[in-house]
Amino acid sequence: MISKHVHCHPEHDNYDRLANYIADANHKGEKCLASWCAGCWSEDDYATGILEVEAVQDLNTRSTKEKTYHLLVSFRPEDEAKLTPEAFKAIEERFAAVLGYSEHQRHCGIHKNTNNIHMHIAYAGCDRCPGCRRLPRSR
């Protein structure tokens with residue numbers, strides 16, 4: 001398993017676009033095996049979860065930095081048979097805990113459009129505490 005933070009310039013930070021890419025909304029699910037949201041009040045309603053995140057991010061008017069943390073987690077081809085939807089969710093929850101995002105809103109999706117199955121996770125850098133922005137520090 002390899003994980004990577006996908007950087008985005010603040011002027012291109014668009015949670016709606018990223019979450020829809022993760023759900024493969026423009027390709028009718030051709031590459032997305034599963035998608036879900038977590039930490040949202042709407043629970044499993046993916047589209048309403050996106051609106052919630054955008055509303056929370058709009059409350060943060062002070063930050064000029066990116067408000068979304070995009071994580072890409074790639075897996076070895078031989079691991080694909082062992083990875084169930086529950087396993088992906090457990091892996092995502094572990095990453096959320098390690099990054100300090102357990103309470104943050106997020107949208108996740110499993111893609112299989114490359115040689116390696118991979119998972120995209122969009123974490124809302126702003127939590128539901130208005131005006132707060134919490135992104136992990138680069139090391």
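Author: Helices (H or I, at least four residues) and strands (E, at least two) are DSSP runs, numbered from the N terminus. This is a predicted model, in which local features need pLDDT of at least 70 and side-chain atom pairs count only at pLDDT 80 or more, while totals for chains, interfaces and linings use all residues. Residues are numbered from 1 along each chain as its sequence is written, and side-chain values use heavy atoms, with hydrogens and water left out.

Reader: Which pattern does the protein follow when read along the sequence?

Author: The secondary structure comes to 3 helices and 5 strands. Read along the sequence, these elements give the pattern β-α-β-α-β-α-β-β.

Reader: In what order do the 5 strands form the sheet?

Author: Two strands pair if DSSP finds at least two bridges between them. Strand E1 (2-6) and strand E2 (32-38) each have a single partner strand, so they stand at the edges, with one side of each left without a neighbour in the sheet. The sheet is open, its pairing is antiparallel, and its order is E1-E3-E5-E4-E2.

Reader: How many bridges join E3 to E5?

Author: On one side, E3 is joined to E1 by 5 bridges in the antiparallel sense, and there Lys4 stands opposite Leu72 of E3. Towards E5, Leu71 has Ile121 as its bridge partner. The strands E3 and E5 also run antiparallel, and the number of bridges that join them is 7.

Reader: In E5, which residue is the bridge partner of His107?

Author: Strand E4 (residues 106-111) and strand E5 (residues 118-124) pair in the antiparallel sense over 6 bridges. In this pairing, the E5 partner of His107 is Ala122.

Reader: About what angle does the direction of helix H3 make with that of E5?

Author: Helix H3 (residues 85-99) packs on the sheet, where it touches E1, E2, strand E3 (68-74), E4 and E5. Axes are lines fitted to C-alpha atoms, for helices over the stretch in contact (heavy atoms within 4.5 Å), and angles run from 0 to 180 degrees between N-to-C directions. Taken in this way, the direction of H3 makes with that of E5 an angle of about 40°.

Reader: Within what arc do the buried residues of H3 fall, seen down the axis of the helix?

Author: Buried means under 20% relative accessible area, exposed over 50% and partly exposed in between (1.4 Å probe, protein chains only), and in H3 the buried residues are Phe88, Ile91, Glu92, Phe95 and Ala96. Strands E1, E2, E3, E4 and E5 are among what covers them, whereas the face turned away carries the exposed residues Glu86, Arg94 and Val98. The arc is that of the directions from the helix axis to the C-beta atoms. The buried residues line one face of H3, because they fall within an arc of 140°.

Reader: Which residue with a positive phi follows H3?

Author: The residue that follows H3 has a phi near 85°, and this residue is Gly100.

Reader: Is Glu92 buried or exposed?

Author: Glu92 lies in helix H3. Leaving aside its neighbours within four places in sequence, Glu92 is in contact with Trp36, Arg106, Cys108, Met119, Ile121 and Tyr123. At 1% relative accessibility, Glu92 counts as buried.

Reader: Which exposed residues does the face of H2 turned away from its buried side carry?

Author: In H2, the residues Tyr46, Gly49, Ile50, Glu52, Val53, Val56 and Gln57 are buried. Seen down the axis of H2, they fall within an arc of 160°, so they line one face of the helix. Their cover includes helix H1 (15-22), E2, E3, E4 and E5. The face turned away carries the exposed residues Ala47, Leu51 and Asp58.

Reader: How far apart in space are Gly109 and Met119, C-alpha to C-alpha?

Author: Gly109 has its place in strand E4 and is buried, with a relative accessible area of 0%. Beyond its neighbours within four places in sequence, Gly109 is in contact with Ile22, Ala34, Ser35, His118, Met119 and His120. Gly109 and Met119 are 10 residues apart in sequence, and their C-alpha atoms are apart in space by 5.5 Å.

Reader: What percentage of the residues of the protein count as buried?

Author: In E3, 5 of the 7 residues are buried, so this strand is largely enclosed by the rest of the structure. Among contacts between residues at least 6 apart in sequence, 72% join residues at least 24 apart. Of the 139 residues of the protein, the share that count as buried is 44%.
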